[in-house]
Each structure stands twice: as C-alpha cells, then as structure tokens.
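Keep the viewer open as you read.

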Amino acid sequence: MSLKLTRTPRTAVLGLCLALLAGLLSGCTGDSGKETIRFTFSKREAIGFMTKLVADYNASQDSTEVILDTSGVDVVSASFVRGNPPDIALANYNMETARFVQRGALSDLSGTQAATRVRKDLQPLMDQYGSYPDRTSALPYSVMASSVIYNKEIFAAHGIEVPETWSELLAACDALKAAGVTPFYATWKDDWTVAQGWFDYSVGGQLDTLDFFDKLAEAGTDVGPDSPASFQKDFEQPVEKMLKLAGTYVNKDAASRGYGDGNLAFSQGKAAMYLQGPWAFSEIAKTAPDLQLGTFPLPMTENPEDLRVRVNVDLAAWIPEESKHKEAARAFLEYLYQPEIIEAYNKSQLGFTPTTDADAAPDPRIEGMVEYYDKGSVYQGPSVLVPRTIPIMNYTQALVLGADPAATFRTLDADWARLAFRQ
Amino acid sequence: MTTPSTLTAEELHRTEPVPAGSGRRRPGIKVERVNWPGTIILVLCAVTVLLPLYVTVSMALKTQGQAVDGNAFSFPAPFSIDGFVQAWTLTNFPVGAAMSLLVTAGTVVATIVLAAFASYAIVRNWERRLFRYSFYYLLAAMFIPFPVVALPQIQMTGRLGLDNPLGVILLATMFQLSFSVLLFTAFLRSIPMELEESARIDGATTWQTFWQLIFPLLAPMSATVGIFAFLYAWNDFMMPSLIISDPALQTLPVRQNLFQTQFSNNYHVSFASYLMAMAPAIVAYLFTQRWVMAGVTQGAVKG
C-alpha cells in the first residue's frame, strides 16, 4: 500500500469538510441591503395563510425582509436561552409565554398604533397570566371562543331548541337519549379534551374564574379547606354537574376515544353535541364539509344571564427585548394589525378579532358565541390558569373516569400550596 | 425499529442452509422439514414490520378525507400524490434533506476518524494511567443523555457561533464517541502487536502505521460505528431542534414536526414526508445489508 493511495481519500475528506464549512458560512449571509427580521409563528394550521401574508409584505416594501419561522415553541425557548430570540412572534398566549413576560424579556408595545386599537376589556385575559410593571408586553391578535358544538341537523330532526338553562339542557339530553341519539361525544383518551371542554365549560359556566384565581393566588401557601377560595370548596358543585353529564349522556366507548376519533364520529352524526373549540371545525370539515354546525355556551345554572363562553388568547404578538431589529419588527407588527389583515386572518381560523374597530361578520358556525363575546360574557378556562407543573389535565381525566372528586381536589389544593411555597 | 426485526428474520433464513451442509444433519432424512412454530413466529415478526410499512405507503397516497376516516388499512382510492406535493413544499424538502445529509455525513466521518484515533492511542498506551482514565472519561459520556445538558449546550453553542449544523455535528460526534470508542478498543485489542512491529521495522512512523495498517484493518468496525452514527444523526430530532437557530438550516425531522399538532392531523402529508425521509435509509440498507449485519455482530463477538 503506497502513501499515494491513502493521500487521495485524505484530501477528499479534507475537501469535503471545507465544502461543508463553506456551505454553512454562505448560508449565514443574507440578502444585503434589506434588514432581515425573523418572525416566529406557532399556529401550524395557518402556516399557508401566513406564508402568503409574509410574501406580500416582503414584496410591498424594500427595507425589511421578513423570514417566517415555523419551527415551534421549544425552539423559541432555546433561542431565548441562546440570546438570539426571534424579532417578532405571534404565538399562543399561555403560562409558557407568560414566563418571558414576567421576567421582562419582552419589550414594551404600548407606544404602537396596534396597542391603542386593542379592546381594553380583554386586558384581564392577558394579565391573568402575569405581567411586567409598566409594560404592555404582548398584544392579543386572535381570540378563540369555545363552547358546545352542536349538530343543527340532529337538533332540528328531533325538534330540540338550544338549551339556555341547566334543566333545559338535561331535558334536551333526555329527549335525545330517548330518541336513541347519543347526546355528547366524549373523547376521554386525550386528557386535554376533558380539561378544555368538560372541565372548563362546567366550572367556567358557574364560577367566576378570574375572581377565583385572584383569591387563590392571594392565599398562596394557605390554600386548603379554610382559605377563602380553594378547589375543594368551589369546584365541587360544578364538577358534580359535569359528572352527571359525563356519567349519563356520553358514548359508551368514551374512555378509549381520542380527539381524532371524536372529530370523525361527530362528522358522521354519531352524537348531537361535542365539547370542543373552533379548531375542531376544520378537522370535522375534512370528512363532512357541508355539515350544519352551530355553537352555544354550556348552561350550568338556571339563569340564562349566567351564560358565558370560554375564551383564550390563541395568538398574541410580542417583540423580545433582545431583538436587534425592534423598529423593523414594530413596522411589521403594525402591518399585521391592519384591519383587513387581522380580520382576514381571524375569519380564516374562526377566531375573534380583539380590536375595537373589528367588524363582526363571523362564520355561521361560531355565530352562537358572538353575542357573549361582544358583551364580554367570557371566562378563561381554569385548566389553562393552573401552572403546567400541576398535572390538572390528568386530574380532570381521572375525574371523568371515576376518581373521587373530593380526594382529587384535596390533592389539587395541596399541589397549589406546595407550588406557592416553592416560589 | 424497522431494520432490526427484518434483520433477524433474514439472518435466520440465511443461516438455515448452513447446518444442512455442515454435516450436523442426521444422515437418514432427506426431505427438509419445515419448522412450523419457528416459521409462524418469524412471519409474525415480519408482519410487525410490513404492516406499518404498508400503512405508511398507503396513507401517503390517500386524499385528506380518506386519511382521517379511521380506516388505516384501507387501500387508497383514489390515488393522490397531494401528500407528497404538500410535504415537499412545506418542509422545503431539498434543503431539509441536504441539511440532514450534511449533518449525518459530518457526524459519521467525524465519529469514525476521532473514535479510531482515540481508541488507537488508548489501546496502545493502556499501561499508562492518563490513557486508561481518558478511556473511562470518554465512556462516562454514555451515561449523560442530551436533555440533561441541553441548556448549557444551547448557551455555549450560541456564544461560540455554533448554533448551526456544524454545532450539531460536533455535539452528535461527542455523544457518539463513547460507544464508538468502546467498539473500536475492543476490536483493536484483537489486532496482533506483531503486525505493527513489522511496520515499525520497515520504518513507518506512528501516523503511517495508523493510516496504512491499522485504519484499513479497522474497516469492518468502522462500518459498524458509521452505521450507528448514521442512524443516530439522521433520526435525531431534539438536538438539531434546540441547537440550530436559523430555521433555514434545520434538518428534516425537525421540519416534519409541523405536520402533527394537538388540534389537527394531516396523516397523508406526514406519512408522505416520513416516507421521503425514510427512503435514503432504506435504500442505503438494501444495498449494504450484508455489511450492516456483519458489522452489528462484529462488536458482539469481539467484545
């Protein structure tokens, strides 16, 4: 074996390495002349919409080049750790994002045009997750309202009106059951469907969640049977009602059905009602595009005045403090909040536009919730207001599968107190 | 998951004729007996591989409506390549595949070369404490999974400008190194010292001895190490997703993550995309299965 023979592969390897390096470096240099901003967008269903929007924006002006980053939430957290967060983001507003808010990692947006147009009465929804003093850290972009989805065709076929009180609801369920129709389709295999639908609608329909969680935060480590608010005291009654519905009026195989199964079954008319948010509509439409669907808030009391819908800030806009292109990012933010754009977006995703000048011309499928959203009869689901360290979704799943409510809520109270102690 | 079970099945089939000719067979019986229980077990094993593969292929060719209708085993009707088209554009497949290829090739090459270097040095200097301890030190990395050290590594790669595929190559190599060194050292011990001495007598330097004598002898083990490094680097999701900061430089598995969310299923697009990502590994395996198998058992026997 001569030296020459081995030289060749060695040179080849070296050459390959150099080529790789060159490729990497060339990847780093962007278009010269334009300021590049990175835009993180976490809602995967709407990537098509956003891709087009970003392309339009890039074509409309010469100073900024927006790059759409769809790689998701974990990547964003990593980028904060690394010190190169995205320049602007439209992301689901939840306890995770709230950490960035509370630590002051997001810049103040109060000076923007967009901030002045956001509905003021939605601010509590944002603040519930925490805030940073004297800053508007994030602006709501899309609000999702969710309540009971019902099959209009089944309701009409059995002459059932949309119930407005608890007893009307039970009557409707009994009538459906007597006619051999499953009233509710439940998908308890996926714990989040129990938490966001069954649990949140029942508790939120009966309890003032804002007030409850304020009191709970105040009590902190003292949360327990004697504190002014506690899970075991305040949640017992709503959950009892939830269990009444869950025990009598659902499909027999609920425990083994997941979200995907639920969408399919509901699209095939296997049940009259479905406790899901508007995100389920597009999934149901995959197999039944023409099904007549509507929504109504789950009545939990005897007073129609108490009817409320669950809302969550599906997307909020924020610009990190560490971004080096804040001005360009703000300009893009204003573009995103232009009435025709923000409304077109929300229309496409069946969301509600959180600006004061928004035109209410919603899809018939979410029409049933407009009235409540407009007059502010809304609440945030209790399951999203509990920090992720407490496995609330699993607890709610255990409840519908037969766990003892009293014991579960004692555990929940203890968890809350322990977490408050740690912080 | 796919490869090992096929391997066992095929390996067993392949070795079957060997005892027949080796004289261990009883002389009187001429008709080859079928081992029914064994066959049934092997068929079941094969089904566990073929069934998911069938679902993957058929799902990829379905329309959106058919993909979510709850019948995973149904035959695609009508055939639709919509899934492939969407997957191709959504992941920007050529770029993603190129990045995956780059990371994988880099990791494989770096792992083989570095692990061979380290193992050679360690084995030939085993009596010295420094080398012995450095062996244990390298092995210790086997006990540290990436998630445990993710946070400092994200910070460090960020500061050093390594938040790109190059950083992933470095880290992936680092994580592969311990296992590869273990394999190489075991193999190296079986290479007689006399071979090396003869090269020395002919005047070869250490460098020459390694490249011209030892490294070629290590080839089967290098193949094994390379295969493991390939599988790891090609399939890894978490490390690239956290380390690479520019989405344009992201690898395929991370790009594919966008098909499946809590709220929506895009089975036909996801499966089309998975199929495209699996293709290189499957093709590579079809052509190299002989060496793969030989390589995998290599480590077992010599260890």
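Over which residues of chain B does the pLDDT stay under 50? The stretch is residues 1-24 of chain B, and for these residues the model has 16 contacts beyond four places in sequence. Where pLDDT is low, the predicted coordinates should not be read in detail.

Chain B as a whole averages a pLDDT of 83, with 86% of its residues scoring at least 70. Within chain B, the element with the lowest mean pLDDT is helix α1 (residues 2-15), at 44, while α6(B) has the highest, at 94. Chain A averages 86, and 92% of its residues score at least 70. For the complex, the predictor gives an ipTM of 0.71 and a pTM of 0.76.

Now look at where the chains meet. Here 31 residues of chain A are in contact with 33 residues of chain B. On the chain A side, α1 (3-28), α3 (73-82), α13 (259-267) and α14 (279-287) each supply at least two residues. That side of chain A is made up of eleven nonpolar, twelve polar and eight charged residues.

α3(A) packs against helix α8 (residues 146-159) of chain B at an angle of about 60°, with the axes 8 Å apart. The two helices are therefore oblique to each other, and their crossing is right-handed. Ala78(A), Val81(A) and Arg82(A) come from α3(A), and they meet Leu151(B), Ile154(B), Gln155(B) and Gly158(B) of α8(B). By class, this contact has four nonpolar residues, two polar and one charged.

Next, chain B itself. An unreviewed UniProt entry places the feature "transmembrane region" at residues 34-55, 98-123, 135-154, 166-188, 209-234 and 267-287 of chain B. Two of these spans can be compared with the model. Residues 98-123 of chain B are 100% helix, and their end C-alpha atoms lie 37 Å apart. Residues 209-234 of chain B are 96% helix, with end C-alpha atoms 33 Å apart.

How do α6 (residues 93-124) and α9 (residues 165-189) of chain B cross? Their axes come within 6 Å at an angle of roughly 40°. That angle makes α6(B) oblique to α9(B). The crossing of α6(B) and α9(B) is right-handed, and their contact has 19 nonpolar, eight polar and one charged residues.

The axes of α19 (residues 392-400) and α20 (residues 405-422) of chain A come within 10 Å and cross at roughly 170°. α19(A) and α20(A) are therefore roughly antiparallel to each other. Tyr395(A), Ala398(A) and Leu399(A) of α19(A) make the contact with Pro405(A), Thr408(A) and Leu412(A) of α20(A). These residues divide into five nonpolar, one polar and no charged.

Note on methods: Residues numbered from 1 in each chain as written. Chains lettered and ligands numbered in written order. Predicted model: local features only at pLDDT ≥ 70, side-chain atom pairs only at ≥ 80, totals over all residues. Axes fitted to C-alpha atoms, helices over the stretch in contact; angles between N-to-C directions. Helix = DSSP H or I, 4+ residues; strand = E, 2+ residues; numbered from the N terminus. Parallel < 35°, antiparallel > 145°, perpendicular 65-115°, else oblique. Left-handed = near helix turned anticlockwise from the far one by under 90°. Nonpolar A, V, L, I, M, F, W, Y, C, P; charged D, E, K, R; others polar. Contact = placed C-beta atoms within 7 Å. UniProt positions renumbered as here; feature names shortened; annotations may be inferred. pLDDT = per-residue confidence, 0-100.
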